[in-house]
Amino acid sequence: MSAVPSVFKDYPLYLQKIQKIRKSPKNRIPLAVIQKPSIVENVEETETSAETIIETMEVGFDTNETVCHAIENNTQSSRSFNTICSSCTLLKSTITKLSGQLLKAQRKIKMLQQAKRRSSKKVATMNNVIKALKTQFPSDTANIPCLDMLSKESAQLLHRQASKRKNLRIAQKYPPELRKFALTLHYYSPASYRYVRDQFDTCLPHPKTISRWYRSIDAKPGFSSEALQAIKMKAANTPYKIVASLVFDEMSIRRKIEYDGLLYHGFLDMGANVDVDESTVAKEALVFMLVSINSNWKVPVGYFLTAGLGVDQKSSLIRTCLTLLQETGVNVISITFDGLSTNFSLMTNLGCQINTDLQLKPYFSHPVTKERVYVFPDPPHMLKLVRNALADKKVLYDSQNSKIEWNLLEKLHDLQDKEGLHLANKLRGVHIHFQNQKMKVKLATQLLSRSVAVALSICKDKLQMQEFKESTGTITFLDNFNNLFDIMNSRSIKQFDFKKPINANNFEYLFNELDKLQKYIQGLKFDLISTSSVIYSNRRTGFLGFMICIESLKLMVHEMILSKKLLAYIPTYKMSQDHVELFFSAIRAHTGFNNNPTARQFKSAFKKLLIQAEFKNSSNGNCVPLECFSILHCSSTRESTRAVEIINETCFKKTHTDDDLDVYDDITDHNYVQLPGQLTEFTKQIVAYMGGFVVRKLLKKIKCEECIEALTSSVQNVPLIALRDKGGLISPSDDVINICMTSETILKRALEESGGKMLLKKFSCLFLVGKVLKVYLNKPIFIGLSDHVLSHIAIENHVIQLIRAVAESYIVVRLHYVSKRYTDTTNSKRQVYNKLILFQGC
């Protein structure tokens with residue numbers, strides 16, 4: 001195989017055997033030619049030879065041959081230099097390595113020197129700044145500008161702590177801000193107060209100091225002289241006349257006798273100058289509170305431990321309270337109370353005329369000034385009584401003989417419960433079966449609301465359901481009482497329509513509405529046979545209470561705004577019992593939460609709250625706090641979803657790498673993934689309305705302008721949004737509505753497979769979103785973004801990410817509702833038994 005034929009002349013070259021040419025051997029210097037010089041010459045010549053080699057390397061001679069020629073010219077080198085010549089390659093590599101290290105070291109030294117110079121300049125600058133600050137603010141920590149960025153309480157606390165660390169003199173008198181902070185913290189928990197005080201180097205007052213502050217206040221039953229003195233000082237320091245409302249209510253207390261070493265606590269106590277049966281145990285605390293109408297403060301003026309007062313006793317207390325408040329310089333123009341029958345008898349005893357012949361005189365004369373004092377039955381209590389009357393009687397009739405049926409509200413709840421969705425209202429089972437929670441105001445306000453009226457209107461007009469065909473009277477009833485309650489619960493002058501407080505600009509418009517509502521209430525009746533109005537029946541309290549409120553408000557506007565011009569507007573929320581109810585909530589929160597305090601515990605909490613303790617009201621009471629308290633709010637923001645992040649990261653660039661690829665590859669398909677054609681018309685209306693909420697959430701997160709435009713619609717295409725819109729609702733695009741309906745279809749099928757109540761664990765949000773994406777795998781969606789999609793890679797496709805974001809937002813909302821509905825507490829007996837213990841227990 002190694003033989004190569006040579007008889008062929010044109011044999012191809014690539015098949016011919018290549019002859020390798022060996023290089024000629026290099027000339028080597030014989031050892032005999034090299035002579036041995038003397039030792040001195042050998043050293044000198046060796047140094048010269050080394051220098052010659054190094055010079056040749058620096059010039060660029062990098063071959064051994066050049067070095068050898070240099071050695072040949074040096075015939076008198078020694079045998080030791082011959083060894084250097086043989087290792088010249090090693091020397092060169094070593095020199096190169098050391099030269100590189102030297103260059104790096106030189107660069108590092110240069111950088112460190114530059115950093116040193118910059119640091120020296122900074123240090124010098126900061127020293128100059130410190131010197132200037134010390135010159136401008138000499139040794140007084142209170143003048144440090146950074147304290148201005150803190151709250152007054154924090155600044156005072158840090159100032160005292162810094163002064164104590166520097167062994168400086170600390171003022172013995174605590175500032176008002178630190179005093180309020182200490183009183184509030186000690187009110188909630190003495191143990192927590194001791195811990196905070198130790199952590200801040202005992203800069204807070206000692207608990208004995210706080211006790212001494214408390215001892216300076218006489219919190220015995222009766223009208224508080226300290227509170228009256230504080231009101232007098234407030235009125236003297238206010239440049240305008242203070243107009244206020246007096247509110248009173250009873251709080252249930254535990255019937256228990258306690259001994260503190262000096263006195264017994266728990267018996268009836270009406271103050272120092274009132275004789276009562278001292279052997280009777282008190283079960284209630286009657287509290288009087290003054291609420292300023294034209295400024296933002298309120299104060300309890302006194303309390304009494306009772307076992308139930310009669311009309312004459314209450315009348316005497318009210319006249320005494322008005323007399324004492326007149327001496328402080330405050331003008332009390334109204335009194336508010338709840339719907340007890342004794343309170344309505346009290347109005348007659350004071351001089352009001354509330355006869356059912358509609359000759360209403362909702363005011364009485366002030367015992368000192370003889371001016372009018374208007375009465376206001378608490379509107380939230382009146383609304384609860386109206387709700388109770390409708391639920392018990394089942395049917396009412398208006399002046400047009402239109403039916404007002406409780407059964408329609410039950411049908412609406414059953415329909416929404418069956419569909420698993422709500423027509424933009426808060427109607428739940430607890431609103432229908434409210435008997436276990438009669439005291440909660442929000443259950444009545446959410447039931448007799450415009451949102452429920454709109455839901456009935458949608459079922460009647462848009463969906464044309466036969467069971468809601470006769471719902472016109474019920475819709476009108478809900479709308480009227482919703483408007484009436486808004487007028488009687490106004491707070492801010494920045495509100496609009498019926499929620500705006502009555503003033504000189506809108507009083508005619510509101511008077512017309514109030515006259516219409518007054519005539520509407522007069523025309524209500526319980527049956528068609530009897531022509532008598534509900535205000536003549538035995539369930540008249542709620543309806544008559546609203547009539548009194550309407551008449552009192554109109555007369556008050558004429559006197560205080562149009563005639564005397566003492567008020568610019570009247571916030572009717574100031575004439576409600578919410579203020580005293582919130583005060584009761586603060587008393588129950590003393591040292592934890594005690595909803596059934598004893599008389600001694602009530603006295604202690606009352607005393608502490610009277611010393612300007614800043615408290616936070618509970619949201620689980622009978623009323624929800626609507627006033628603005630200066631309390632600390634902690635907020636947390638939820639991070640954006642991955643789909644929103646991808647859209648925001650790629651809206652200004654065309655390419656982007658993402659390690660998170662398709663997370664839905666391992667999702668097994670199911671046969672229930674279909675387009676949204678199986679939803680009822682009722683459900684479609686709700687889903688479309690929820691689409692607007694989804695868009696609102698995404699608009700706060702998405703930054704891509706093209707995607708934002710694709711989410712919204714300039715045409716109002718959702719009837720429920722059109723009915724509910726007051727200028728702030730958003731209309732979703734048809735594509736968003738389609739995605740939401742697809743998500744709802746998939747969610748409903750998952751619920752059916754899970755048993756109808758709670759989803760199985762495999763139906764996670766990620767799973768359901770993946771199913772929605774697969775539905776639109778080959779379906780046209782967001783056609784307006786066709787050109788926009790071309791500017792991004794596949795995994796950053798904004799259409800896919802928009803589908804994912806919309807579906808995820810919608811499904812998250814629905815999953816929250818599914819879990820909430822699963823643990824419905826409609827039939828809970830907790831509050832029933834709790835009230836049973838409070839009112840009948842020992």
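This is a predicted model: local features need pLDDT of at least 70, side-chain atom pairs count only at pLDDT 80 or more; totals for chains, interfaces and linings use all residues.
Reader: How do their side chains meet?

Author: In a salt bridge, 3.4 Å from N to O.

Reader: Buried or exposed, that Glu513?

Author: Glu513 has 9% relative accessibility, so it counts as buried, the cut-off being under 20%. Lys516 is at 45% and counts as partly exposed.

Reader: Why does spacing like that work in a helix?

Author: An α-helix has 3.6 residues a turn, so residues three or four places apart point the same way. Side chains of opposite charge can pair when their charged atoms come close.

Reader: What about Glu744 and Lys748?

Author: Their side chains also form a salt bridge, at 3.6 Å from N to O. The two residues are four apart in helix α26, residues 734-754, so about one helical turn separates them. Glu744 is buried, with a relative accessible area of 0%.

Reader: How many salt bridges in total?

Author: The count is eleven. One of them joins Lys314 and Glu250, with the closest N and O atoms 2.9 Å apart.

Reader: Which elements hold Lys314 and Glu250?

Author: Lys314 is in helix α10, residues 311-327, and Glu250 is in strand β2, residues 243-252. The pair therefore ties together parts 64 residues apart in sequence. Lys314 counts as buried at 5% relative accessibility. Glu250 counts as buried too, at 18%.

Reader: Which residues are linked in a network of salt bridges?

Author: Glu371, Glu559 and Lys564.

Reader: New topic. What span does helix α13 reach?

Author: Helix α13 covers residues 406-419, 14 residues in length. It reaches 21 Å from first C-alpha to last, close to the expected 20 Å.

Reader: Which of the α13 residues are buried?

Author: Among them are Trp406, Leu408, Leu409 and Leu412. His413, Gln416 and Glu419 are on the buried list as well.

Reader: Zoom out. How many helices and strands in the chain?

Author: The protein chain has 30 helices and 13 strands. Of its 842 residues, 44% count as buried.

Reader: What about its accessible surface?

Author: About 47000 Å², with 53% belonging to carbon and sulfur atoms.

Reader: And what share of contacts comes from residues 24 or more positions apart?

Author: Such pairs account for 72% of the contacts with a separation of 6 or more.

How values were computed: Residues are numbered from 1 along each chain as its sequence is written. Side-chain values use heavy atoms; hydrogens and water are left out. Buried means under 20% relative accessible area, exposed over 50%, partly exposed in between (1.4 Å probe, protein chains only). Contact means heavy atoms within 4.5 Å. Accessible areas come from the Shrake-Rupley method with a 1.4 Å probe; for residues, only the protein chains shown count as cover. The expected span of a helix is 1.5 Å times one less than its number of residues. A salt bridge is a side-chain nitrogen of Lys or Arg within 4 Å of a carboxyl oxygen of Asp or Glu.
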